[in-house]
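Open the model in your viewer and keep the selection tool at hand. The stops below say what to select and what is found there.

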Amino acid sequence: MLRRKPTRLELKLDDIEEFESIRKDLETRKKQKEDVEGVGTSDGEGAAGLSSDPKSREQMINDRIGYKPQPKPNNRTSQFGNFEF
């Protein structure tokens, strides 16, 4: 197998400007989201309610990654097949 020299990456001014603009945009979105959550939960009950319920947290994670758990059947034929003795 042939080895080649590592490719040199150059950072251009346009790339830096694009990165800065995207970062600022994300920061403003994050601040707006925090402001909306802060106004919606004036008594502080909403944030504590989400973190204290493990089922809703697990469901939120499953929704985020696209996992849809299927219930497992609890009989022996599903585990071992149809073996007759």
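Begin with the acidic side chains: select Asp14, Asp15, Glu17 and Glu18, which form a negative surface patch. A patch is made of residues with over 30% relative accessible area and no salt bridge, with like charges joined within 9 Å and nonpolar side chains (Val, Leu, Ile, Met, Phe, Trp, Tyr) within 5 Å. Asp and Glu count as negative and Lys and Arg as positive, while His and the chain ends are not counted. The place of a charge is taken as NZ of Lys, CZ of Arg, CG of Asp or CD of Glu.

This is a predicted model, in which local features need pLDDT of at least 70 and side-chain atom pairs count only at pLDDT 80 or more, whereas totals for chains, interfaces and linings use all residues. Residues are numbered from 1 along each chain as its sequence is written, and side-chain values use heavy atoms, with hydrogens and water left out.

Stay on Asp14, which sits in helix α1 (residues 13-40). Helices (H or I, at least four residues) and strands (E, at least two) are DSSP runs, numbered from the N terminus. Is Asp14 buried or exposed? Its relative accessible area is 56%, so Asp14 is exposed. The cut-offs are under 20% for buried and over 50% for exposed, with partly exposed in between (1.4 Å probe, protein chains only).

Next, select Leu11, Leu13 and Ile16, which make a nonpolar surface patch of about 320 Å². Leu11 belongs to the segment before α1 and is exposed, at 68% relative accessible area. Areas come from the Shrake-Rupley method with a 1.4 Å probe; for residues, only the protein chains shown count as cover.

Now turn to the salt bridges, defined as a side-chain nitrogen of Lys or Arg within 4 Å of a carboxyl oxygen of Asp or Glu. How many salt bridges does this rule give? The count is two. For one of them, show Arg23 and Glu20, whose side chains meet at 2.9 Å, N to O. Both residues lie in helix α1, three residues apart, about one turn of the helix. Arg23 is partly exposed at 39% relative accessibility, and so is Glu20 at 28%.

Then show Arg29 and Asp25, which meet in a salt bridge at 3.5 Å, N to O. They are four residues apart in helix α1 and therefore separated by about one helical turn. Arg29 is exposed, at 52%, while Asp25 is partly exposed, at 34%. An α-helix has 3.6 residues a turn, so residues three or four places apart point the same way.

Gly66 follows α3 and has a positive phi, near 80°.

Finish with the whole chain, which has four helices and zero strands. Of its 85 residues, 1% count as buried. The accessible surface comes to about 9,300 Å², with 55% belonging to carbon and sulfur atoms.
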